[in-house]
Amino acid sequence: MDRMILVTGGSGSGKSAWAENRVIENGQGPYVYLATMRPQGEDAEERIRRHREMRVGKGFVTLERYTDLDELTLPAELRGGTVLLEDLSNLLANEMFGSSAQERCDVGRSDVEHCDMENCADNVLTELYALRQQCTEKVMDGLRALRQQCAVLVIVTNEIFHDGVQYDPVTTAYMQTLAEINLKAACMADEVTEVVCGLPLFMKGRKTV
Amino acid sequence: MELYIGGAWQGKSACAQKRHPQIEWIRGSACTWEELCRAEGILGLQEYIARALDEGTLPKNFAEKLFQANPELVIVCREVGSGVVPLSHKERIFRETTGRICTQLAARCSLVVRVTCGLEMILKMI
């Protein structure tokens, strides 16, 4: 069945494991694990190792794609199955703060990162606003392109909006962009689930018991 | 009284405004206690709380007083409690006060909705 499923949750909520099981439960192979995290730094490597172990024996083919999802063409033998995209927060960070993003827009400078919303220069806010629009479009184009190439698309995203902290303008722009992408993806999705302690809270498309 | 809560930029205001297209809204960033007492709807109650704490004008028993003064009010407020305890006293007080106020308001509300990714989850309906 043709389906798009959005899975959200906080750090360590068990959303990845739940998403993997949701893929397998659906039973529409081949299973493609589309990883967005750059293997840079000890934290990332450890996380990637843990996720790889989690997937052993589940029959996933792993592809890595850090940016430009809109330009990705899946190999013919991997089309028409289930793609698990993990995850939007990494993909967006790569799009906004990766090297090509820096060329597109002069944000992410340390002087901007350390000012706050009130004393941030207007031209920086304008630049950030443009970057937000651009990155939202870019990621949404990517999701639409990916959806064309598989029967079931499972997307993992991140809940980072409940801590009540006022961040610097660059981080705020990143959060606003992720929120906007989450809203648009939820709107497109047939199913939206928040995972809490490994348990699903169905917000769209299925009923919580 | 109705309460719409959720994380930042989750579409809380849009949900509340969709359910109440006719009413007038004031903003927490700019309103007074008196305006709050006669408003139809308020967006961003957390901003009023932050300002009132700063100015020392937050009424004691705020939630109960607000309910008594304006029992039909539709409230949109950000959830701010799920992060590391802030280092600054001011931010700690803001976070805890906002959470407690929402809890007390929710107890008085006939409808409490939590919004995530633009989707409503009904926490209370009577």
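Which residue of E3(B) is the bridge partner of Ile26(B)? In this predicted model, the partner of Ile26(B) in E3(B) is Ile42(B). The bridge belongs to the pairing of E2(B) with strand E3 (residues 41-43) of chain B, two strands that run parallel and are joined by three bridges.

**The sheet of chain B**

The pair E2(B) and E3(B) is part of an open sheet of six strands with mixed pairing, whose order in chain B is E2-E3-E4-E1-E5-E6. Strand E2 (25-27) and E6 of chain B have a single partner strand each and stand at the edges, so one side of each is left without a neighbour in the sheet. On average, and with direction ignored, neighbouring strands of this sheet are turned by 20° against each other.

Two helices that pack on the sheet may be described next. H1(B) touches E1, E3, strand E4 (74-78), E5 and E6 of chain B, and its direction makes about 155° with that of E1(B). Helix H3 (residues 45-55) of chain B also packs on the sheet, where it touches E3 and E4 of chain B; the angle between its direction and that of E4(B) is about 70°.

**Overall architecture of the two chains**

Chain B contains five helices and six strands, arranged along the sequence as β-α-β-α-β-α-α-β-α-β-β. Its radius of gyration is 14 Å, close to the 14 Å that the globule rule gives for 126 residues, so chain B is as compact as a globular protein of that length.

Chain A has seven helices and seven strands, and its pattern along the sequence is β-α-β-α-β-β-α-α-α-α-β-α-β-β. For chain A the radius of gyration is 17 Å, close to the 17 Å given by the globule rule for 209 residues, so this chain is likewise as compact as a globular protein of that length.

**Strands E1, E6 and E7 of chain A**

In chain A, strand E1 (residues 3-8) pairs with strand E6 (residues 191-196) in the parallel sense over four bridges. Within this pairing, Ile5(A) has Glu191(A) as its bridge partner in E6(A). E6(A) also pairs with strand E7 (residues 199-204) of chain A, here in the antiparallel sense and over five bridges. Val192(A) has Lys204(A) as its bridge partner in E7(A). E6(A) and E7(A) form a hairpin with two residues between them, and Cys197(A) in the turn has a positive phi of about 50°.

**The contact between the chains**

The contact between the chains involves 18 residues of chain A and 18 residues of chain B. On the side of chain A that touches chain B, helix H7 (169-188), E6 and E7 of chain A each supply at least two residues. The largest share, seven residues, comes from H7(A). By class, this side of chain A has nine nonpolar, five polar and four charged residues.

Chain A holds cis peptide bonds at the following places. The bond from Gly29(A) to Pro30(A) is cis, with omega near -5°; Pro30(A) is placed in the loop between helix H1 (15-26) and strand E2 (31-35) of chain A. Glu86(A) and Asp87(A) are also joined by a cis peptide bond, with omega of about -5°. Asp87(A) lies in the loop between strand E4 (82-86) and helix H3 (88-97) of chain A.

In chain B, Trp9(B) has a positive phi of about 60° although it is not a glycine. Trp9(B) is found in the loop between strand E1 (2-6) and helix H1 (12-19) of chain B, and it counts as partly exposed because it has 19 C-beta neighbours inside 10 Å. Cys117(B), another residue other than glycine, has a positive phi near 50°. Its place is the loop between strand E5 (111-116) and strand E6 (119-125) of chain B.

Is Cys117(B) buried or exposed? Cys117(B) is buried, because 26 other C-beta atoms lie within 10 Å, and a residue is buried if 20 or more do so.

Notes. Residues are numbered from 1 along each chain as its sequence is written. Chains are lettered from A and ligands numbered from 1 in the order in which they are written. This is a predicted model: local features need pLDDT of at least 70, side-chain atom pairs count only at pLDDT 80 or more; totals for chains, interfaces and linings use all residues. Two strands pair if DSSP finds at least two bridges between them. The radius of gyration is taken over C-alpha atoms; the globule rule is 2.2 Å times the number of residues to the power 0.38. Two residues are in contact if their C-beta atoms, placed from the backbone, lie within 7 Å. Ala, Val, Leu, Ile, Met, Phe, Trp, Tyr, Cys and Pro count as nonpolar, Asp, Glu, Lys and Arg as charged, and the others, Gly among them, as polar. A residue is buried if 20 or more other C-beta atoms lie within 10 Å of its own, exposed if 12 or fewer, and partly exposed in between; C-beta atoms are placed from the backbone. Axes are lines fitted to C-alpha atoms, for helices over the stretch in contact, and angles run from 0 to 180 degrees between N-to-C directions.
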